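Here are my notebook entries from a first look around this model.

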Amino acid sequence: MHGPRKLLVIEDDPGLQKQLRWAYDDCEVLIAGTRAEAIEQLRAHEPDIVTLDLGLPPDPDGTSEGFAVLAELLALKPDLKVIVASGHAARESALKAIAQGAYDFYSKPIDIDELGLIVRRAFHVTELERENRRLVDLAVAEPGMAKILTGAPEMHKVMRTVERVATTDASVLLLGASGTGKELLAHGLHDASARKDGTFVAINCAAIPENLLESELFGHEKGAFTGAVKTTPGKIEMAHKGTLFLDEVGDIPLSLQVKLLRFLQERVIERVGGRKPIAVDTRIVCATHRDLDAMIAAESFREDLYYRLAEIVVKIPALADRPGDAALLARAFVRRMAPEVNSAVKGLSPGALAAIDAWRWPGNVRELENRIKRAVIMADGKYVSAEDLDLPDSDAPGEVDVINLKAAREVADRKMIRRALARADGNISASAKILGISRPTLYDLLKQYDMQD
């Protein structure tokens, strides 16, 4: 944390104000006795932790003013940790406060040691959440697997597989729809390998005309064809001691597949128009969205080449099959793009997040990134709306393929919890509020489903 820890004590009893100020000499203690003073202190000093006596004037014998203060505090700073106290029907009021977004509660008369433990824990959780948000921001720019932002177990499994095979020289085939992050994973594999100091070279085999692809891959000698005014190395040669990423490998024509197979078998190439074999030490990673098994059956892709390229096959799930990731990525894209294209935008509205969760994203992460960029540019207010995204402002439940009701409930719970955590940027209190449950209940569910990591 930057600067001293700040604790706001909202308490109208002067004696308790002094006692609490004395008890927390390791942080800056701010005091407020009314709603107006509390809001003024929040705006001026932005404390992370608040202790709130629900029995405030003009309703010192009730809780109406305390709940009004709670609502206003959380509206101004949703990630604020508010610890409530009440001597009036304490348990019922405390549970109601937690349901409305409070972090924790304590009972009167005050036990300073007990309250101190709750406050220290709240500061610790706040620091962890701040660090998590910092790492999420860095993840967009860091090398290797850190570039891949995900909270989905399905994608974590893919990343673990890629990291495991990165230490070998095995050829890897990445299978996934367009826009799922195949090149990002290939980069991550290279950065985690012993070849990380070598060059990472990528070529999209579908984007280059067939008559030029051979020259792009293998290079050419001067005078090999019209326009070949100098000797030029190909992508394979440029990736010597590094990694060559062949994107859309299924689009390589049969005539060129034979030459690629020879390289994989012998590890030598000949440039177009050349006669001298050149030894090249290059690791091959390839990717495609095509059904290579069907292409082999149709004899449009060589089976022997497939087995050379696919020593390890990694299947990448579509964005729609990674619950919560769309919202998580959308937040990261907004944070990255807003300063560049529309600095007035601060985030995504609840309607936009619901629409993002509901959309199936046929274009995957690439479609999401494009929509977010357009929406940030077009947004008139501080928050991107579903209308800015040009998405319907609604939600639709997905089908659950399970064998009994208990399993179906767990699948649904896990999916909704991941989505809520993504929407709330990892904030437990805000996630519980989205789910309509108390914070302790959400903690219990995270523990029950082993989702605490």
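I began with Cys27, which counts as buried because its relative accessibility is 12%; buried means under 20% relative accessible area, exposed over 50% and partly exposed in between, with a 1.4 Å probe and protein chains only.

A note on what I am reading: this is a predicted model, in which local features need pLDDT of at least 70, side-chain atom pairs count only at pLDDT 80 or more, and totals for chains, interfaces and linings use all residues. Residues are numbered from 1 along each chain as its sequence is written, and side-chain values use heavy atoms, with hydrogens and water left out.

Next I looked up Cys205, which is buried because its relative accessibility is 3%. The closest cysteine sulfur to that of Cys205 belongs to Cys286, and 8.8 Å is too far for a bond. I then searched for disulfides (pairs of cysteine sulfur atoms within 2.5 Å) and found zero in the structure.

I turned to helix α1, residues 14–23; helices (H or I, at least four residues) and strands (E, at least two) are DSSP runs, numbered from the N terminus. Which residues of α1 are buried? I found Leu16, Gln17 and Leu20. They cover an arc of only 105° around the axis, so they sit on the same side of α1; the arc is that of the directions from the helix axis to the C-beta atoms. On the other side of α1, I noted Pro14, Lys18 and Trp22 as exposed.

Last, I checked the N-terminal end of α1, which Asp13 caps. A side-chain oxygen of Asp13 lies 2.8 Å from the backbone nitrogen of Gly15.

Terms used:
Polar contact = N/O pair within 3.5 Å; in protein donor to acceptor, adjacent residues only side chain to side chain.
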